[in-house]
Structure formats: structure tokens, C-alpha cells
Amino acid sequence: MENITFERIKNDEIIREYIRRADRNLAAMGYTKHSFGHVTKVAEGAAEILTALGYDERTVELARIAGFLHDIGNVVNRADHAQSGAIMAFQLLTGMGMPAKEIGYVVSAIGHHDEGTAFPVNAIAAAVILADKSDVRRSRVRVSPIDSHFDIHDRVNYAVEKSSLILNRSARTISLILSIDTSICAVMDYFEIFLTRMMLSKRAAEYLDLSFKLEINGTQFL
């Protein structure tokens, strides 16, 4: 069995093509950007969380791989994309020669990242959930605010002027700190779209023995 690296995954042209096509599908459906900027941010964010908590290098590397692959299932369909992506990753990683134990961790994390069906079943899954659900930013919005297709999902992301996910190991907290332009989006609009994601983030943090905190414009909500 081969020790598959994140660099190999990131540079594999088949994987890159699936990610590109998945993002094109979502663009056609009016979703925010889910291409390389997003999946790389999730990969590195998940790795940073586990590194800060003292996990071993291989676990951190598997978190990067899972984060990079987590949205690949959108090439099939947005519905059940976490499960489709897990199956695709299973086939790709098996073909590359990754050990079954490692594949199990990666596909579990991918299969458990969508808030409709997700649960932090292991540390990698928990880290991917936190990194994915905290990626709220203006640069993910595809359309102009004056466009007729500019919906509440676009508005919530567009309103975020600054977003930080901060882990305090000594306090055992992980905090999503947002600065929102309330002339674009009311804070209640954020909760209408993201409450289930924040509750999933809370469960993921608890799996890692952390408390999840949400702060918007200086006010703590969770």
C-alpha cells in the first residue's frame, strides 16, 4: 500500500477535472463558488485545527485530503453530494493504493460533511465540518448585488467583510468571528441560512473537546 500525499491528490488532473466540473454544475444552479479556492481553504483549515490540537502528521495529511475532496460529489448531483463524493473518493483512493484504514477515515469525513446528514464520526470529519462551515466570504459570491439572481445565500456571503476561525487550545474554544455589513444583510438573515451549519459546527467542536463560539459584529451568539 502506498502513502498517498496531499500534493499528489491536489495535482491529480482527474481529481481537478471533477472539482472543476462540480463547480460548473453548482454555478449553473446558482450556488456560490465551490472550486479550488473553497476546497483548498477547507483542506488547510482542517489541517490547521488538528495540528493545533496535537494530532500526528499523517492524521493531519488525511484531513487535508478529505477537505480537498469533500465537494467532489457535486459532479454527480447537489442532492446527496456528500455520499456521492465519498463513493468517488473511495474508488479514486483505492486505485491510487491508499490503505483501507486511511480510506475509511477520508470517506467517512466526506460522507459526513453536509449538514442534512452529517455527524462528526471522527476527528478528521469534525475538522472538515468546522473548516467547511466557517468558509463564509464575499469572494465566493458569483453574481453582482444588482443581479436578479442575487439571493439570500449570496447576500449573506456578500455581507461578510471579515471572517476568522480561531482556536484557543488553552481555553478549549474554537471561535468563528464575523464582521457583517448589516446594510447588506441583517444578522437574522445569517441565522436563517446558517443556523443548522452552526449547530453542526458546535457538535464537531464538542467531538474535539472544544466549545464552539460564534461572534458577529462583536456580539457572541453561541
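What radius of gyration would a compact globule with 222 residues have, and what does the chain have? I looked that up before anything else. The rule puts a compact globule near 17 Å and the chain has 17 Å, so the two agree. (Radius of gyration here is taken over C-alpha atoms, and the globule rule is 2.2 Å times the number of residues to the power 0.38.)

Notes on the source. This is a predicted model, where local features need pLDDT of at least 70, side-chain atom pairs count only at pLDDT 80 or more, and totals for chains, interfaces and linings use all residues. Residues are numbered from 1 along each chain as its sequence is written, and side-chain values use heavy atoms, with hydrogens and water left out.

Overall layout. I get a C-alpha box of roughly 55 × 45 × 25 Å along the principal axes. Buried residues (under 20% relative accessible area; exposed is over 50%, partly exposed in between; 1.4 Å probe, protein chains only) make up 49% of the chain. I find 9 helices and 4 strands, taken as DSSP runs numbered from the N terminus (helices H or I, at least four residues; strands E, at least two). The order from the N terminus is α-α-α-α-α-α-α-α-β-β-α-β-β.

The sheet. I see an open, mixed sheet in the order S1-S2-S3-S4, with strands counted as paired if DSSP finds at least two bridges between them. S1 (160-168) and S4 (219-220) are the edge strands, each pairing on one side only. S1 and S2 (residues 173-180) run antiparallel and are joined by 8 bridges; leucine 167 has isoleucine 174 as its bridge partner in S2.

The aromatics. I searched the whole structure and got 6 aromatic pairs. (Rings of Phe, Tyr and Trp, the last by its six-membered ring, pair with centres within 6.5 Å; planes under 30 degrees apart are stacked, over 60 edge-to-face, the rest tilted.) Tyrosine 190 and phenylalanine 194 have centres 4.8 Å apart and planes at 25°, so I logged them as stacked. They are 4 residues apart in helix H9, so about one helical turn separates them. Are they buried or exposed? Tyrosine 190 is buried at 0% relative accessibility, and phenylalanine 194 is buried at 2%. One cluster takes in Tyr190, Phe191, Phe194 and Phe221.

Charges over rings. I count these when NZ of Lys or CZ of Arg is within 6 Å of the ring centre and within 35 degrees of the ring normal. Arginine 16 has its charged end over phenylalanine 36, 4.1 Å from the ring centre. Arginine 78 has its charged end over tyrosine 31, 4.9 Å from the ring centre.
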